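Me: I would like to go through this model with you and ask, term by term, what each label rests on. Please set the value against the rule each time before you conclude.

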Amino acid sequence: MASVLIREAKEGDCGNILRLIRELAEYEKLSDQVKISEEALISAALRADGFGENPFYHCLVAEILPAPGEPQGPCVVGYGLYYFIYSTWKGRNIYLEDIYVKPEYRGHGIGSKIIKKVAEVALDKGCSQFRLSVLDWNKRAMDLYKALGAQDLTEAEGWHSFRFEGEAMRELAGK
Amino acid sequence: MLQNHQHLELAACENMVDAVKLTANDLLRDGFGENPLFYCLIAEVHTHQKPTSKVTVGFAMYYFTYDPWIGRLLYLEDFYVIQAYRGLGIGAEMLKRLSQIAIRSQCSCMHFLVVIWNQASIDYYTRRGALDLSSEEGWHLFRFNRGELMDMAGEE
């Protein structure tokens with residue numbers, strides 16, 4: 001196969017990234033949470049939120065570079081979306097919100113390359129750990145992360161993700 | 001201003017005092033500089049002994065995270081009221097303020113982690129309408145520590 005490059009996303013990658021985000025949502029079987037008609041809004045927000053003066057997130061893309069002589073251009077086949085978090089124990093850390101590789105490009109170590117790039121960024125920025133979440137049925141992903149040395153904190157220490165949203169949050173706010 | 005001793009009291013509760021590596025100076029730089037990495041609410045009471053002085057009895061530490069579908073979310077990293085001041089509605093008042101901050105900051109959700117074996121905490125949040133996404137949708141939280149990061153970065 002031609003070579004793979006893991007690089008920082010540019011504003012011009014937004015269209016590709018949005019396409020892959022939708023594929024990831026379908027893969028996680030949570031895509032019914034978002035309607036197609038909202039995609040234009042999401043695209044605009046994604047662009048502003050990630051490529052403005054104070055980005056809310058950072059993104060890496062996995063790009064297949066054609067071999068010399070091949071007619072097609074480079075092709076974005078995966079991405080990793082992350083942001084910085086803070087722990088009062090350890091200081092700044094990274095949270096990898098999304099990681100996805102198109103199905104036809106799996107099994108070639110691209111996912112591992114994305115994670116390793118995130119690890120480099122984390123160390124570069126003085127972070128001592130990074131976290132991510134996986135769905136319990138996604139055995140392939142869990143096996144990959146464990147093979148790279150990650151610990152399942154939900155299993156080991158009982159940590160659960162909770163959320164206040166919609167009506168519950170408005171009630172809390174006293175509205 | 002965040003009191004370092006209170007943070008250690010929380011750590012003692014979770015039996016992990018040795019794991020706290022940050023100093024008051026770290027918190028000062030990271031939370032109160034030009035680009036804060038976190039924000040804090042504190043709950044203060046006036047003491048009887050000296051009416052003009054105040055004591056910090058609770059705090060909430062939060063920052064903003066991102067979901068590509070939903071946009072910004074408010075993430076509650078730490079939330080604590082000291083033992084002697086519980087049951088007075090201080091926690092509820094802080095949650096109210098946090099929700100107002102979330103709504104004002106265009107966040108549609110507030111999320112946080114709870115240890116599932118801490119039944120008192122689980123009841124406290126579910127009673128107020130929080131959803132357990134780990135139970136409902138199957139999310140597991142994974143972590144890579146520094147050693148693993150160095151191994152991975154060293155391979156490239």
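Me: How many salt bridges does the count come to over all chains?

Reply: The model is a predicted one, and by the rule applied here the count over all chains comes to twelve salt bridges.

Me: What makes the pair K102(A) and E23(A) a salt bridge?

Reply: The side chains of K102(A) and E23(A) meet at 2.9 Å, N to O, and the rule asks for a Lys or Arg side-chain nitrogen within 4 Å of a carboxyl oxygen of Asp or Glu, so the pair qualifies. The two residues are 79 positions apart and link distant parts of the chain, with K102(A) in the loop between β4 (91-101) and α3 (110-124) of chain A and E23(A) in helix α1 (residues 14-27) of chain A.

Me: Why is K102(A) called buried?

Reply: Its relative accessible area is 13%, and buried means under 20%, so K102(A) falls in that class.

Me: Which helix holds K139(A) and D143(A), and how are these two classed by accessibility?

Reply: Both lie in helix α4 (residues 139-147) of chain A, and because they are four residues apart there, about one helical turn separates them.

Me: Why does E44(B) with K54(B) still count as a salt bridge at 3.8 Å?

Reply: The closest N and O atoms of E44(B) and K54(B) are 3.8 Å apart, and because the cut-off is within 4 Å, the pair is included. E44(B) lies in strand β1 of chain B and K54(B) in strand β2 (residues 54-67) of chain B, so the bridge ties together parts that are ten residues apart in sequence. Both count as partly exposed, E44(B) with a relative accessible area of 44% and K54(B) at 48%.

Me: Which residues are linked in a network of salt bridges?

Reply: R7(A), D13(A) and E63(A) are linked in such a network.

Me: How many salt bridges and polar contacts are counted between chain B and chain A?

Reply: The count of salt bridges between chain B and chain A is zero, while 23 residue pairs are in polar contact. By class, the side of chain B that touches chain A has 41 nonpolar, 13 polar and 17 charged residues. Between them the chains bury about 7200 Å², 65% of it on carbon and sulfur atoms, and in chain B the residues that lose the most area to chain A are Y66(B), W69(B) and F142(B), together 15% of what that side buries.

Me: What makes β6 of chain A and β6 of chain B a strand pair?

Reply: Two bridges join β6 (residues 151-152) of chain A to β6 (residues 139-145) of chain B, and since at least two bridges are required, they count as paired. The two strands run antiparallel, and Q151(A) stands opposite R143(B).

Me: Why are β1 and β5 of chain B said to stand at the edges of the sheet?

Reply: Six strands form an open sheet with mixed pairing, in the order β1(B)-β2(B)-β3(B)-β4(B)-β7(A)-β5(B). In that sheet β1 (39-46) and β5 (131-132) of chain B each have a single partner strand, so one side of each is left without a neighbour. Within the sheet, β3 (residues 71-81) and β4 (residues 109-115) of chain B run parallel and are joined by three bridges, with L76(B) standing opposite F112(B).

Conventions:
Residues are numbered from 1 along each chain as its sequence is written. Chains are lettered from A and ligands numbered from 1 in the order in which they are written. This is a predicted model: local features need pLDDT of at least 70, side-chain atom pairs count only at pLDDT 80 or more; totals for chains, interfaces and linings use all residues. Side-chain values use heavy atoms; hydrogens and water are left out. Buried area is the accessible area (1.4 Å probe) that two parts lose on being put together, summed over both. A polar contact is a pair of N or O atoms within 3.5 Å; within protein, one must be able to donate a hydrogen and the other to accept it, and residues adjacent in sequence count only if both atoms are side-chain atoms. Ala, Val, Leu, Ile, Met, Phe, Trp, Tyr, Cys and Pro count as nonpolar, Asp, Glu, Lys and Arg as charged, and the others, Gly among them, as polar. Buried means under 20% relative accessible area, exposed over 50%, partly exposed in between (1.4 Å probe, protein chains only).
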